[in-house]
Amino acid sequence: MRDEKIVDLYWERNEQAIKHTDEKYGKYLTRIAFNILADTEDSKESVNDTYLAAWNSMPPQRPTALSAYLGKITRQISIDIFRKRNREKRKGSEYAVSYDEISEVLSAGDMTEEQVQARLLGEAINRFLKEQPKEVRNLFIGRYYFLDPLKEAARYCGMSEGKAKSILYRTRILLKEYLQKEGFEI
Amino acid sequence: MNAEKLHDALNYLDDGMILETDRLRHKKKKTVIFRRIISVAACICIVATASFGIEHIRNLRDNSPLEENIETPDQDEEGDIPPAPENSRYEDEYTPPADDSAPSVDGEKDETSVSYEESAPADESAPEDEGPPLEEAPPSEEAPEDKEHQIVLTVTEITENGFKGYITDRNDIYDPNTDVTVVYKGEKLPETGDTVYVYFFGYDKTTVYAKRIFIVKE
């Protein structure tokens, strides 16, 4: 089924939308989640949460690229699960507990501010990547957005693992310089 | 700023860039899978061809009549031709030229050297004077057998058991100009400089065991 039809189903509040989304993008989303979580059960949970988030966000959202839209949701949910899981592991340590408490004070619980900052940072990264050669851009996004293993990212970008590693290293340095120029505190 | 914030920010990447990379991820994967399938198929073909070839060669060797029933007329008469060495080869595929395409036996007509090509079609209507003038004609009842080999050489030396020379034709056994020793116990031997068509039943790297010969006088 075409993406537009699936989005229409969401807008019609038709539950078949989730079925068709799972048929078309289930594996794709599971892979994104697994790259972050490295756990099948957690990945399934992340993908299911993605369907719920999609259901809740459409309407009002009407994404033109459904795969990218769903992928971003899965990625963010998976990262959140990953962070939560790591916090659970650190529970026994008093240092970890105090670290969490201090972090709450520092962030002041202002999620809107954080989101704005993240968006501004994301837009700066967008501008930076658009200036890079296609090969570099694809490698960077494959490695840091899709979180593909270095070996695999190098393979589908048509280069050796060593070359990919070298390109990523140089790109990280360039990105750091670019963000500093843009006024971000690194 | 920490890595977490950077990862969060990456969620604001343009959809176009994400889709571009995603297409590459899938496209290359399919290509690699296809290449792997092709590679595996090619390997299977090579193995199958090699197996068939080995089996075919074994069958040829098993059916080779070399050690069973090859006897030369001269062996019967004098019995002193040494046996073909163990590494002698005998190729079943070889098809000798038809008698009609063999050099002419009329030694009185033309005593110039001739060029002889195995691939020349047998032609019964060809004029007789086109054949090479030969000193020794093969009797018609001694037509070359199916399993016979032929080489053409120029004689450089007459020896006790035959003669020596160098290859002057193109054949599947020796390169041109290769020096070979021909073991031959016929009555008429060639002279130095003669071109000789040698029909033989066995050979190794340097020696040919001739069954009969045609001599073309220089």
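This is a predicted model: local features need pLDDT of at least 70, side-chain atom pairs count only at pLDDT 80 or more; totals for chains, interfaces and linings use all residues.

Trainee: Which helix of chain A holds R31(A), the partner of E152(A)?

Mentor: The side chains of R31(A) and E152(A) form a salt bridge, at 2.1 Å from N to O. The two residues are 121 apart, so the pair links distant parts of the chain. E152(A) sits in helix α8 (residues 150-156), and R31(A) is in helix α2 (residues 16-37).

Trainee: Why does the salt bridge between D8(B) and R83(A) join two chains?

Mentor: Their side chains meet at 3.1 Å, N to O. R83(A) belongs to helix α4 (residues 66-89) of chain A, while D8(B) belongs to helix α1 (residues 3-9) of chain B, so the pair joins two chains.

Trainee: Is K134(A) buried or exposed?

Mentor: K134(A) makes a salt bridge with E20(B), at 4.0 Å from N to O. For K134(A), the relative accessible area is 51%. The cut-off for that label is over 50%, so K134(A) counts as exposed.

Trainee: How many residues are in the largest nonpolar core?

Mentor: Start with L129(A), which touches R137(A), F140(A), I141(A), L13(B) and M17(B), leaving aside neighbours within four places in sequence. L129(A) and L13(B) are among the residues with the most contacts inside the largest nonpolar core. A second, separate core has 18 residues, including Y174(B) and F200(B). The largest one has 58 residues.

Key:
Residues are numbered from 1 along each chain as its sequence is written. Chains are lettered from A and ligands numbered from 1 in the order in which they are written. Side-chain values use heavy atoms; hydrogens and water are left out. A nonpolar core is a set of buried Ala, Val, Leu, Ile, Met, Phe, Trp, Tyr and Cys residues joined through side-chain atoms within 4.5 Å. Buried means under 20% relative accessible area, exposed over 50%, partly exposed in between (1.4 Å probe, protein chains only). Contact means heavy atoms within 4.5 Å. Helices (H or I, at least four residues) and strands (E, at least two) are DSSP runs, numbered from the N terminus.
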